[in-house]
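Welcome! Take a look at it first, then read on.

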Amino acid sequence: MAHEPGAPLRVALLGCGVVGSAVARMLVEQADDLAARAGARLEIVGIAVRRPQRARPDVPVDPALFTADAEELVTRADVVIEVIGGIDPARALILRAMEHGASVVSANKALLAEDGPTLYDTAARCGVDLYYEAAVAGAIPILRPIQESLAGDHVRKVMGIVNGTTNFVLDAMDVSGAGFAETVAQAQALGYAEADPTADIEGFDAAAKAAILASLAFHTRVSAADVHREGITEVTAADIRAARENDCVVKLLAICERVTADGVDAVSVRVHPAMVPRAHPLASVREAFNAVFVESAAAGELMFYGRGAGGDPTASAVLGDVVAVARHRVAGGRGPGESAYADLPVVDMGQAVTRYHISLDVADRPGVLAQVAAAFADHGVSIETVRQQAVAGEGERAKLIVVTHRATDAALSATVSALGSLDAVDDVASVMRVEGA
(Lines give C-alpha, C1' and ligand atoms only; values in the text may rest on other atoms or scores of the structure.)
Protein backbone atom coordinates (compact mmCIF):
# COMPACT_ATOMS: atom_id res chain seq x y z
CA MET A 1 0.00 0.00 0.00
CA ALA A 2 1.56 3.30 -1.13
CA HIS A 3 2.12 6.01 1.46
CA GLU A 4 1.11 9.55 0.61
CA PRO A 5 4.12 11.89 1.07
CA GLY A 6 3.75 14.07 4.16
CA ALA A 7 0.88 12.06 5.62
CA PRO A 8 1.31 10.49 9.07
CA LEU A 9 1.40 6.75 9.52
CA ARG A 10 -1.57 5.49 11.51
CA VAL A 11 -0.54 3.28 14.42
CA ALA A 12 -2.91 0.97 16.30
CA LEU A 13 -1.82 -0.50 19.61
CA LEU A 14 -3.34 -3.77 20.83
CA GLY A 15 -2.86 -4.01 24.57
CA CYS A 16 -1.91 -1.44 27.19
CA GLY A 17 -0.33 -3.42 29.99
CA VAL A 18 3.23 -2.97 31.21
CA VAL A 19 4.72 -3.13 27.70
CA GLY A 20 1.83 -1.44 25.88
CA SER A 21 1.86 1.50 28.29
CA ALA A 22 5.58 1.98 27.75
CA VAL A 23 5.14 1.80 23.96
CA ALA A 24 2.36 4.41 23.99
CA ARG A 25 4.34 6.73 26.26
CA MET A 26 7.48 6.49 24.13
CA LEU A 27 5.51 7.04 20.91
CA VAL A 28 4.28 10.34 22.38
CA GLU A 29 7.43 11.48 24.19
CA GLN A 30 9.77 10.66 21.30
CA ALA A 31 7.39 11.65 18.51
CA ASP A 32 9.75 14.10 16.78
CA ASP A 33 12.76 11.79 16.85
CA LEU A 34 10.71 8.84 15.67
CA ALA A 35 9.27 10.89 12.81
CA ALA A 36 12.76 11.93 11.71
CA ARG A 37 13.99 8.34 11.77
CA ALA A 38 10.93 6.80 10.13
CA GLY A 39 10.34 9.48 7.51
CA ALA A 40 6.78 10.18 8.66
CA ARG A 41 5.00 11.01 11.88
CA LEU A 42 3.60 8.06 13.81
CA GLU A 43 0.06 8.88 14.88
CA ILE A 44 -1.72 6.70 17.43
CA VAL A 45 -5.24 6.17 16.09
CA GLY A 46 -6.43 3.83 18.81
CA ILE A 47 -5.48 1.57 21.70
CA ALA A 48 -7.47 -1.63 22.14
CA VAL A 49 -8.10 -2.60 25.77
CA ARG A 50 -10.69 -4.60 27.68
CA ARG A 51 -11.85 -1.69 29.83
CA PRO A 52 -11.67 1.58 27.85
CA GLN A 53 -13.14 3.68 30.69
CA ARG A 54 -10.43 2.79 33.18
CA ALA A 55 -8.15 5.71 34.12
CA ARG A 56 -4.58 5.34 32.84
CA PRO A 57 -2.67 8.40 34.06
CA ASP A 58 0.68 6.91 33.02
CA VAL A 59 -0.36 6.81 29.34
CA PRO A 60 -0.19 10.38 27.91
CA VAL A 61 -2.84 10.03 25.18
CA ASP A 62 -6.38 11.29 24.66
CA PRO A 63 -8.67 8.92 26.66
CA ALA A 64 -10.98 8.87 23.65
CA LEU A 65 -8.37 6.73 21.83
CA PHE A 66 -9.06 3.75 24.08
CA THR A 67 -11.47 1.25 22.55
CA ALA A 68 -12.74 -2.26 23.18
CA ASP A 69 -13.32 -2.83 19.45
CA ALA A 70 -9.95 -4.21 18.39
CA GLU A 71 -11.38 -5.77 15.22
CA GLU A 72 -12.50 -2.38 13.91
CA LEU A 73 -9.32 -0.62 15.04
CA VAL A 74 -6.93 -2.81 13.03
CA THR A 75 -8.79 -2.07 9.80
CA ARG A 76 -7.84 1.62 9.88
CA ALA A 77 -4.13 1.41 10.68
CA ASP A 78 -0.93 1.35 8.65
CA VAL A 79 1.02 -0.29 11.47
CA VAL A 80 -0.47 -2.54 14.16
CA ILE A 81 1.49 -3.21 17.36
CA GLU A 82 0.35 -6.39 19.13
CA VAL A 83 1.39 -6.74 22.78
CA ILE A 84 -1.61 -8.58 24.22
CA GLY A 85 0.08 -12.00 24.07
CA GLY A 86 -1.45 -15.45 23.91
CA ILE A 87 -2.82 -17.26 20.88
CA ASP A 88 -6.36 -15.91 20.52
CA PRO A 89 -7.61 -13.31 19.82
CA ALA A 90 -4.09 -12.13 18.93
CA ARG A 91 -3.83 -14.43 15.88
CA ALA A 92 -7.19 -13.38 14.44
CA LEU A 93 -6.43 -9.69 14.98
CA ILE A 94 -2.99 -9.92 13.36
CA LEU A 95 -4.38 -11.75 10.33
CA ARG A 96 -7.23 -9.23 10.02
CA ALA A 97 -4.76 -6.35 10.19
CA MET A 98 -2.63 -7.85 7.42
CA GLU A 99 -5.68 -8.52 5.24
CA HIS A 100 -6.47 -4.80 5.53
CA GLY A 101 -2.95 -3.82 4.47
CA ALA A 102 -1.31 -3.12 7.83
CA SER A 103 2.22 -4.16 8.73
CA VAL A 104 2.48 -5.84 12.13
CA VAL A 105 4.94 -5.57 14.99
CA SER A 106 4.45 -8.25 17.64
CA ALA A 107 6.05 -9.35 20.91
CA ASN A 108 4.05 -12.61 20.94
CA LYS A 109 6.55 -15.47 21.22
CA ALA A 110 3.85 -18.05 22.01
CA LEU A 111 1.90 -17.32 18.82
CA LEU A 112 5.00 -17.11 16.62
CA ALA A 113 6.30 -20.41 17.98
CA GLU A 114 2.94 -22.16 17.54
CA ASP A 115 1.70 -20.77 14.24
CA GLY A 116 4.42 -18.58 12.77
CA PRO A 117 4.09 -20.02 9.23
CA THR A 118 0.47 -18.85 8.97
CA LEU A 119 1.52 -15.33 9.92
CA TYR A 120 4.52 -15.35 7.56
CA ASP A 121 2.45 -16.66 4.65
CA THR A 122 -0.28 -14.09 5.20
CA ALA A 123 2.23 -11.24 5.44
CA ALA A 124 3.83 -12.34 2.16
CA ARG A 125 0.47 -12.70 0.40
CA CYS A 126 -0.69 -9.28 1.62
CA GLY A 127 2.63 -7.55 0.88
CA VAL A 128 3.16 -6.32 4.44
CA ASP A 129 5.86 -6.68 7.10
CA LEU A 130 5.86 -8.89 10.17
CA TYR A 131 8.51 -7.91 12.73
CA TYR A 132 8.92 -9.42 16.19
CA GLU A 133 12.27 -8.53 17.76
CA ALA A 134 10.63 -8.09 21.16
CA ALA A 135 9.40 -11.70 21.17
CA VAL A 136 12.81 -12.99 22.28
CA ALA A 137 15.07 -11.57 25.00
CA GLY A 138 13.33 -8.22 25.49
CA ALA A 139 15.57 -5.28 24.65
CA ILE A 140 18.41 -7.43 23.31
CA PRO A 141 18.75 -7.15 19.52
CA ILE A 142 19.17 -10.80 18.55
CA LEU A 143 16.58 -11.75 15.91
CA ARG A 144 17.53 -9.20 13.28
CA PRO A 145 21.28 -9.79 13.74
CA ILE A 146 20.66 -13.49 13.07
CA GLN A 147 18.20 -12.83 10.25
CA GLU A 148 20.05 -9.98 8.56
CA SER A 149 23.57 -9.33 9.88
CA LEU A 150 24.53 -13.02 9.74
CA ALA A 151 22.62 -13.75 6.52
CA GLY A 152 25.93 -14.28 4.71
CA ASP A 153 27.31 -16.60 7.37
CA HIS A 154 26.63 -20.17 8.52
CA VAL A 155 25.23 -20.24 12.05
CA ARG A 156 26.22 -23.40 13.86
CA LYS A 157 24.80 -22.91 17.33
CA VAL A 158 22.66 -20.52 19.35
CA MET A 159 22.73 -21.01 23.11
CA GLY A 160 21.27 -18.62 25.60
CA ILE A 161 19.57 -17.59 28.79
CA VAL A 162 16.25 -16.29 27.48
CA ASN A 163 14.07 -16.28 30.59
CA GLY A 164 14.80 -13.75 33.32
CA THR A 165 12.65 -15.39 36.00
CA THR A 166 14.50 -18.69 35.93
CA ASN A 167 17.87 -16.98 35.75
CA PHE A 168 17.00 -14.91 38.81
CA VAL A 169 15.92 -18.02 40.72
CA LEU A 170 19.00 -20.08 39.83
CA ASP A 171 21.35 -17.15 40.45
CA ALA A 172 19.81 -16.50 43.85
CA MET A 173 20.10 -20.19 44.76
CA ASP A 174 23.78 -20.07 43.81
CA VAL A 175 24.49 -16.89 45.79
CA SER A 176 22.45 -17.62 48.92
CA GLY A 177 22.27 -21.40 49.03
CA ALA A 178 18.50 -21.15 49.47
CA GLY A 179 16.10 -23.80 48.18
CA PHE A 180 13.97 -23.63 45.04
CA ALA A 181 10.58 -22.82 46.60
CA GLU A 182 12.04 -20.12 48.83
CA THR A 183 13.78 -18.45 45.91
CA VAL A 184 10.70 -18.53 43.67
CA ALA A 185 8.76 -16.78 46.45
CA GLN A 186 11.49 -14.14 46.59
CA ALA A 187 11.26 -13.65 42.82
CA GLN A 188 7.49 -13.20 43.08
CA ALA A 189 7.87 -10.64 45.88
CA LEU A 190 10.30 -8.63 43.74
CA GLY A 191 8.10 -8.78 40.65
CA TYR A 192 10.43 -11.06 38.66
CA ALA A 193 7.95 -13.96 38.68
CA GLU A 194 4.22 -14.11 38.02
CA ALA A 195 1.75 -15.26 40.67
CA ASP A 196 1.56 -18.43 38.57
CA PRO A 197 5.17 -18.92 37.39
CA THR A 198 4.50 -22.16 35.51
CA ALA A 199 5.29 -20.82 32.02
CA ASP A 200 8.69 -19.67 33.22
CA ILE A 201 9.87 -22.34 35.65
CA GLU A 202 8.61 -25.24 33.51
CA GLY A 203 10.44 -23.90 30.46
CA PHE A 204 7.44 -23.14 28.21
CA ASP A 205 8.49 -19.51 27.71
CA ALA A 206 12.07 -20.45 26.87
CA ALA A 207 10.93 -23.22 24.53
CA ALA A 208 8.83 -20.79 22.46
CA LYS A 209 11.82 -18.48 22.17
CA ALA A 210 14.11 -21.38 21.25
CA ALA A 211 11.75 -22.33 18.41
CA ILE A 212 11.92 -18.79 17.02
CA LEU A 213 15.71 -18.63 17.31
CA ALA A 214 16.19 -22.01 15.62
CA SER A 215 13.80 -21.13 12.79
CA LEU A 216 15.78 -18.00 11.96
CA ALA A 217 19.26 -19.42 12.54
CA PHE A 218 18.80 -22.59 10.50
CA HIS A 219 16.26 -21.51 7.84
CA THR A 220 13.92 -24.27 8.97
CA ARG A 221 10.41 -24.21 10.38
CA VAL A 222 10.65 -25.12 14.05
CA SER A 223 7.63 -24.98 16.35
CA ALA A 224 7.42 -25.10 20.13
CA ALA A 225 6.24 -28.70 19.83
CA ASP A 226 9.62 -29.60 18.28
CA VAL A 227 11.55 -28.34 21.31
CA HIS A 228 12.60 -30.73 24.08
CA ARG A 229 11.64 -28.95 27.29
CA GLU A 230 12.63 -29.39 30.92
CA GLY A 231 12.08 -26.76 33.59
CA ILE A 232 13.96 -26.00 36.78
CA THR A 233 11.52 -27.40 39.35
CA GLU A 234 13.75 -30.44 39.96
CA VAL A 235 16.91 -28.39 40.54
CA THR A 236 17.91 -28.70 44.19
CA ALA A 237 20.27 -26.86 46.49
CA ALA A 238 22.45 -30.00 46.28
CA ASP A 239 22.67 -29.57 42.48
CA ILE A 240 23.73 -25.98 42.94
CA ARG A 241 26.42 -27.03 45.45
CA ALA A 242 27.63 -29.77 43.11
CA ALA A 243 27.97 -27.23 40.31
CA ARG A 244 29.91 -24.91 42.60
CA GLU A 245 32.28 -27.74 43.56
CA ASN A 246 32.96 -28.22 39.84
CA ASP A 247 33.51 -24.47 39.31
CA CYS A 248 30.20 -24.25 37.45
CA VAL A 249 26.83 -22.56 37.79
CA VAL A 250 23.40 -23.93 36.86
CA LYS A 251 21.49 -22.10 34.14
CA LEU A 252 18.29 -22.83 32.23
CA LEU A 253 19.55 -22.85 28.65
CA ALA A 254 17.87 -22.70 25.27
CA ILE A 255 20.16 -24.60 22.90
CA CYS A 256 19.69 -24.64 19.13
CA GLU A 257 22.35 -26.31 16.98
CA ARG A 258 23.10 -27.82 13.61
CA VAL A 259 23.92 -31.49 14.01
CA THR A 260 24.58 -34.53 11.87
CA ALA A 261 22.19 -37.41 12.57
CA ASP A 262 22.58 -40.66 10.66
CA GLY A 263 24.77 -38.84 8.15
CA VAL A 264 22.15 -36.15 7.46
CA ASP A 265 22.24 -32.45 8.42
CA ALA A 266 19.61 -31.75 11.04
CA VAL A 267 18.60 -29.40 13.84
CA SER A 268 18.52 -30.07 17.58
CA VAL A 269 16.49 -27.70 19.79
CA ARG A 270 16.23 -28.13 23.55
CA VAL A 271 15.57 -26.26 26.78
CA HIS A 272 16.85 -27.65 30.07
CA PRO A 273 18.96 -26.78 33.11
CA ALA A 274 22.69 -27.38 32.69
CA MET A 275 25.96 -26.79 34.45
CA VAL A 276 27.99 -24.04 32.78
CA PRO A 277 31.68 -23.50 33.64
CA ARG A 278 32.26 -20.18 35.40
CA ALA A 279 34.79 -19.27 32.70
CA HIS A 280 32.03 -19.28 30.04
CA PRO A 281 30.47 -15.86 29.27
CA LEU A 282 26.95 -17.13 30.02
CA ALA A 283 27.96 -18.06 33.57
CA SER A 284 28.38 -14.39 34.49
CA VAL A 285 24.80 -13.47 33.49
CA ARG A 286 23.23 -12.52 36.80
CA GLU A 287 19.76 -11.92 38.24
CA ALA A 288 16.99 -11.39 35.65
CA PHE A 289 19.28 -10.53 32.74
CA ASN A 290 19.33 -12.48 29.47
CA ALA A 291 22.16 -13.34 27.11
CA VAL A 292 22.41 -15.23 23.83
CA PHE A 293 25.65 -16.82 22.63
CA VAL A 294 25.98 -17.39 18.87
CA GLU A 295 28.59 -19.48 17.07
CA SER A 296 28.97 -19.09 13.32
CA ALA A 297 31.48 -20.28 10.74
CA ALA A 298 32.95 -16.92 9.73
CA ALA A 299 32.08 -14.48 12.54
CA GLY A 300 33.05 -16.95 15.25
CA GLU A 301 31.61 -16.44 18.71
CA LEU A 302 29.23 -13.56 19.46
CA MET A 303 27.31 -12.73 22.63
CA PHE A 304 24.28 -10.48 23.03
CA TYR A 305 23.49 -9.36 26.58
CA GLY A 306 20.91 -7.14 28.27
CA ARG A 307 17.54 -6.86 29.97
CA GLY A 308 15.24 -9.62 28.81
CA ALA A 309 11.95 -8.22 30.08
CA GLY A 310 10.23 -5.16 31.52
CA GLY A 311 8.14 -2.38 30.06
CA ASP A 312 10.77 0.05 28.79
CA PRO A 313 13.33 -2.54 27.60
CA THR A 314 10.71 -4.48 25.63
CA ALA A 315 9.18 -1.26 24.30
CA SER A 316 12.62 -0.32 22.98
CA ALA A 317 12.65 -3.46 20.82
CA VAL A 318 9.05 -2.86 19.72
CA LEU A 319 9.76 0.71 18.62
CA GLY A 320 12.88 -0.38 16.76
CA ASP A 321 10.63 -2.64 14.71
CA VAL A 322 8.01 0.10 14.29
CA VAL A 323 10.61 2.44 12.81
CA ALA A 324 11.80 -0.30 10.46
CA VAL A 325 8.34 -1.12 9.10
CA ALA A 326 7.47 2.60 8.93
CA ARG A 327 10.50 3.24 6.73
CA HIS A 328 9.33 0.51 4.39
CA ARG A 329 5.86 2.07 4.21
CA VAL A 330 7.35 5.46 3.38
CA ALA A 331 10.04 4.35 0.91
CA GLY A 332 8.28 1.31 -0.51
CA GLY A 333 9.33 -2.30 -0.26
CA ARG A 334 9.33 -4.83 2.55
CA GLY A 335 11.72 -6.28 5.06
CA PRO A 336 12.88 -9.90 4.97
CA GLY A 337 10.17 -12.52 5.20
CA GLU A 338 10.37 -16.10 6.32
CA SER A 339 13.41 -18.09 5.20
CA ALA A 340 12.72 -21.81 5.50
CA TYR A 341 14.53 -23.04 2.40
CA ALA A 342 16.83 -25.45 4.30
CA ASP A 343 13.88 -27.47 5.63
CA LEU A 344 16.11 -29.53 7.92
CA PRO A 345 14.68 -32.34 10.05
CA VAL A 346 14.46 -31.69 13.79
CA VAL A 347 15.96 -34.59 15.74
CA ASP A 348 14.56 -35.88 19.01
CA MET A 349 16.32 -35.40 22.33
CA GLY A 350 17.82 -38.87 22.23
CA GLN A 351 20.18 -37.78 19.46
CA ALA A 352 21.34 -34.59 21.22
CA VAL A 353 25.00 -34.78 22.25
CA THR A 354 26.49 -33.21 25.37
CA ARG A 355 28.46 -33.98 28.55
CA TYR A 356 26.91 -35.14 31.83
CA HIS A 357 27.46 -34.82 35.56
CA ILE A 358 26.07 -37.82 37.47
CA SER A 359 25.93 -38.22 41.25
CA LEU A 360 25.58 -41.77 42.61
CA ASP A 361 25.00 -43.03 46.14
CA VAL A 362 26.93 -46.32 46.32
CA ALA A 363 28.28 -48.97 48.67
CA ASP A 364 31.86 -48.25 49.75
CA ARG A 365 33.49 -51.58 48.96
CA PRO A 366 35.96 -53.03 46.45
CA GLY A 367 34.66 -53.59 42.92
CA VAL A 368 31.93 -50.97 42.94
CA LEU A 369 33.82 -48.54 40.72
CA ALA A 370 34.49 -51.32 38.22
CA GLN A 371 30.77 -52.15 38.05
CA VAL A 372 29.88 -48.50 37.52
CA ALA A 373 32.55 -48.06 34.85
CA ALA A 374 31.32 -51.20 33.07
CA ALA A 375 27.76 -49.80 32.92
CA PHE A 376 29.04 -46.67 31.19
CA ALA A 377 31.25 -48.67 28.81
CA ASP A 378 28.43 -51.07 27.89
CA HIS A 379 26.41 -48.12 26.53
CA GLY A 380 29.26 -46.33 24.80
CA VAL A 381 29.54 -43.46 27.28
CA SER A 382 33.14 -42.46 28.00
CA ILE A 383 34.04 -41.28 31.50
CA GLU A 384 36.14 -38.13 31.82
CA THR A 385 36.55 -37.96 35.60
CA VAL A 386 35.42 -39.85 38.71
CA ARG A 387 35.52 -38.52 42.25
CA GLN A 388 34.55 -40.42 45.39
CA GLN A 389 33.33 -38.74 48.56
CA ALA A 390 32.76 -40.46 51.89
CA VAL A 391 29.29 -39.96 53.38
CA ALA A 392 29.60 -38.56 56.91
CA GLY A 393 28.36 -40.97 59.57
CA GLU A 394 27.92 -43.83 57.09
CA GLY A 395 31.20 -45.70 56.91
CA GLU A 396 30.02 -48.20 54.31
CA ARG A 397 28.39 -45.68 51.97
CA ALA A 398 29.98 -43.26 49.51
CA LYS A 399 29.06 -40.79 46.80
CA LEU A 400 30.51 -41.13 43.30
CA ILE A 401 30.64 -38.07 41.08
CA VAL A 402 31.07 -39.00 37.42
CA VAL A 403 31.61 -36.49 34.60
CA THR A 404 31.40 -37.93 31.10
CA HIS A 405 32.77 -37.02 27.72
CA ARG A 406 30.21 -36.06 25.06
CA ALA A 407 27.57 -38.69 24.43
CA THR A 408 24.05 -38.92 23.07
CA ASP A 409 21.17 -38.38 25.45
CA ALA A 410 19.80 -41.80 24.53
CA ALA A 411 23.07 -43.48 25.52
CA LEU A 412 23.17 -41.60 28.79
CA SER A 413 19.54 -42.49 29.61
CA ALA A 414 20.29 -46.18 28.98
CA THR A 415 23.36 -45.90 31.21
CA VAL A 416 21.35 -44.34 34.04
CA SER A 417 18.80 -47.15 33.84
CA ALA A 418 21.59 -49.71 34.04
CA LEU A 419 23.18 -47.95 36.99
CA GLY A 420 19.89 -47.99 38.86
CA SER A 421 19.74 -51.79 38.57
CA LEU A 422 23.16 -52.40 40.16
CA ASP A 423 23.10 -53.82 43.68
CA ALA A 424 25.98 -51.53 44.66
CA VAL A 425 24.09 -48.37 43.63
CA ASP A 426 21.59 -47.14 46.20
CA ASP A 427 20.43 -44.18 44.16
CA VAL A 428 21.19 -42.15 41.04
CA ALA A 429 20.94 -38.92 43.05
CA SER A 430 21.15 -36.47 40.16
CA VAL A 431 21.91 -36.23 36.46
CA MET A 432 22.69 -32.87 34.91
CA ARG A 433 23.99 -31.93 31.50
CA VAL A 434 27.17 -29.88 31.18
CA GLU A 435 27.28 -27.22 28.45
CA GLY A 436 29.83 -24.69 27.29
CA ALA A 437 32.91 -26.64 28.29
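Counting a disulfide as a pair of cysteine sulfur atoms within 2.5 Å, the total here is 0 disulfides. In general, a disulfide is a covalent bond between the sulfur atoms of two cysteines. This is a predicted model, in which local features need pLDDT of at least 70 and side-chain atom pairs count only at pLDDT 80 or more, while totals for chains, interfaces and linings use all residues. Residues are numbered from 1 along each chain as its sequence is written, and side-chain values use heavy atoms, leaving out hydrogens and water.

- Cys248 is buried at 7% relative accessibility, where buried means under 20% relative accessible area, exposed over 50% and partly exposed in between, with a 1.4 Å probe and protein chains only.
- Cys126 has a relative accessible area of 22% and is partly exposed.

**The chain as a whole**
- The protein chain has 14 helices and 17 strands; these are DSSP runs numbered from the N terminus, with helices (H or I) of at least four residues and strands (E) of at least two.
- Its radius of gyration is 25 Å, close to the 22 Å from the globule rule for 437 residues, so the protein chain is as compact as a globular protein of that length. The radius is taken over C-alpha atoms, and the rule is 2.2 Å times the number of residues to the power 0.38.
- The C-alpha trace spans about 85 × 50 × 35 Å along its principal axes.
- Of the 437 residues, 53% count as buried.

**Around Gln147**
- Gln147 sits in helix H6 (residues 143–149) and is partly exposed, at 22% relative accessibility.
- Beyond its neighbours within four places in sequence, Gln147 is in contact (heavy atoms within 4.5 Å) with Leu216, Pro336 and Gly337.
- Gln147 and Arg244 are 97 residues apart in sequence, and their C-alpha atoms are 36 Å apart in space.

**Backbone features to look for**
- Most residues other than glycine have a negative phi, and most peptide bonds are trans.
- Asp88 and Pro89 are joined by a cis peptide bond, with omega about 10°; Pro89 lies in the loop between strand S4 (79–82) and helix H4 (90–99).
- Glu287 is not a glycine, yet has a positive phi of about 50°. Glu287 lies in the loop between strand S10 (264–277) and strand S11 (289–296), and is partly exposed at 41%.
- Asp343, also not a glycine, has a positive phi of about 50°. With a relative accessible area of 60%, Asp343 is exposed.
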